[in-house]
Amino acid sequence: MSEVLGKVNLTGDKVLSLVQVEKLNLFDIRLSLLFQKFIPVAYLEDYLSDKKVINIRVNHRSVGYIFLCRSIYKTEFFHPKSYILDYSIKRLYRGKKIGQNALGLLFSEDVSQKVDSTRYIAYIDTQNIASIRCMEKQNVTRVEKAYVKDIEH
């Protein structure tokens, strides 16, 4: 059973929701990740095997995904409640502030408690200006090549 982690109202009558996925729809995820350069489609199942997968929905329609995984390293930077964050919005829905709203909801205290996280770490390709801007609007901290968001509980 999928769990709704949180909802936020968008403009008009649109509602964005984050739904933790129990059963993966690999075809839908493949479409969402089609333009992600660093994930060969042949290795998609391996890529997803150790991750929490959160479906981004607008009015119950899948528009993208958030992927969270724990680091294998345990350091002050990668503490036990840290997640490495990756996300993708389907091409048709880009430029509509969906990623910005989805990250804002993910970074909320309520949703962060549900996924058991106090830190999110994202590594973004320097050419992906839209994702960089999206993260910057969430008041993240830049630490070397990473974008870090700490959550207070």
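Predicted model: local features only at pLDDT ≥ 70, side-chain atom pairs only at ≥ 80, totals over all residues.

Me: Where does Ser17 sit, then?

Reply: Ser17 belongs to strand 2, which covers residues 15–20.

Me: And is Ser17 buried or exposed?

Reply: The cut-off for buried is under 20% relative accessible area. Ser17 has 8% relative accessibility, so Ser17 counts as buried.

Me: Now helices. Which residues of helix 5 are buried?

Reply: In helix 5 (residues 129–136), the buried ones are Ser131, Ile132, Cys134 and Met135. They span an arc of only 160° around the axis, so they lie on the same side of helix 5. Ala130 and Arg133, on the other side, are exposed.

Me: What covers the buried residues of helix 5?

Reply: The cover includes strand 5 (82–89), helix 3 (98–106), strand 6 (119–123) and strand 8 (146–150).

Me: Okay, and which residues touch the most other members of the largest nonpolar core?

Reply: In soluble globular proteins, nonpolar side chains tend to be buried together. Here the largest nonpolar core has 32 residues, and Leu18, Ile66, Leu85, Leu106 and Met135 touch the most other members. Helix 3 gives the largest share of this core, 5 residues. As for Leu106, its contacts beyond four places in sequence include Leu18, Ile66, Leu85 and Tyr120.

Technical notes: Residues numbered from 1 in each chain as written. Heavy atoms only, no water. Helix = DSSP H or I, 4+ residues; strand = E, 2+ residues; numbered from the N terminus. Buried < 20%, exposed > 50% of the residue type's maximum accessible area, 1.4 Å probe, protein only. Arc of directions from axis to C-beta. Contact = heavy atoms within 4.5 Å. Core = buried A, V, L, I, M, F, W, Y, C linked by side-chain atoms within 4.5 Å.
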